[in-house]
Amino acid sequence: MASTAKTLTFVIPAYNMESYLDRCVNSLLSASDISDLEVLIVDDGSTDDTPAIADRYAQQYPTIVRAIHQPNGGHGEGANQGLRNAK
């Protein structure tokens, strides 16, 4: 069985980031080799379209992007949630 561990993980704590989440994620996905990259979008209880955008990326790039949804806990908890979920 192949390992699912990734070499580099980017955690994006996201609260109401609909206006710039696309630019943020696309800049990470524009790397020449993203096969060993992991992008965790931690939706921190957003009230805009951030959760839907995160889910769209997770569906479009299922081996690279994961969307994590949680109640609002602040930037630090968003970062910690990403660390807890990193592969």
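## Close-ups of a predicted model

**View 1. Helix α1 passes helix α2 in a right-handed crossing.** α1 covers residues 21–29 and α2 covers residues 50–60. Their axes sit 11 Å apart, at an angle of about 20°. Angles under 35 degrees count as roughly parallel, so α1 and α2 are roughly parallel to each other. On the α1 side, the residues that meet α2 are Leu-21, Asp-22, Val-25, Asn-26 and Leu-29. Their partners in α2 are Thr-50, Ile-53, Ala-54, Arg-56 and Tyr-57.

**View 2. Tyr-57 and Tyr-61 make up the 1 aromatic pair in the structure.** The two rings are stacked, with 6.5 Å from centre to centre and 20° between the planes. As for burial, Tyr-57 has 3% relative accessibility and counts as buried, whereas Tyr-61, at 25%, counts as partly exposed.

**View 3. Arg-56 lies over the face of Tyr-57.** Look for Arg-56 at 4.9 Å from the centre of the Tyr-57 ring. Both Arg-56 and Tyr-57 also turn up among the α2 residues that meet α1.

**View 4. His-69 sits in strand β3.** The strand runs over residues 65–70. With 41% relative accessibility, His-69 counts as partly exposed. Leaving aside residues up to four places away in sequence, His-69 touches Asp-43, Pro-51 and Asp-55. Ile-34 is 35 residues from His-69 in sequence, and the two are 23 Å apart in space, C-alpha to C-alpha.

Terms used: Residues numbered from 1 in each chain as written. Predicted model: local features only at pLDDT ≥ 70, side-chain atom pairs only at ≥ 80, totals over all residues. Heavy atoms only, no water. Phe/Tyr/Trp six-rings, centres within 6.5 Å; stacked < 30°, edge-to-face > 60°. Buried < 20%, exposed > 50% of the residue type's maximum accessible area, 1.4 Å probe, protein only. Lys NZ or Arg CZ within 6 Å of the ring centre and 35° of its normal. Axes fitted to C-alpha atoms, helices over the stretch in contact; angles between N-to-C directions. Helix = DSSP H or I, 4+ residues; strand = E, 2+ residues; numbered from the N terminus. Parallel < 35°, antiparallel > 145°, perpendicular 65-115°, else oblique. Left-handed = near helix turned anticlockwise from the far one by under 90°. Contact = heavy atoms within 4.5 Å.
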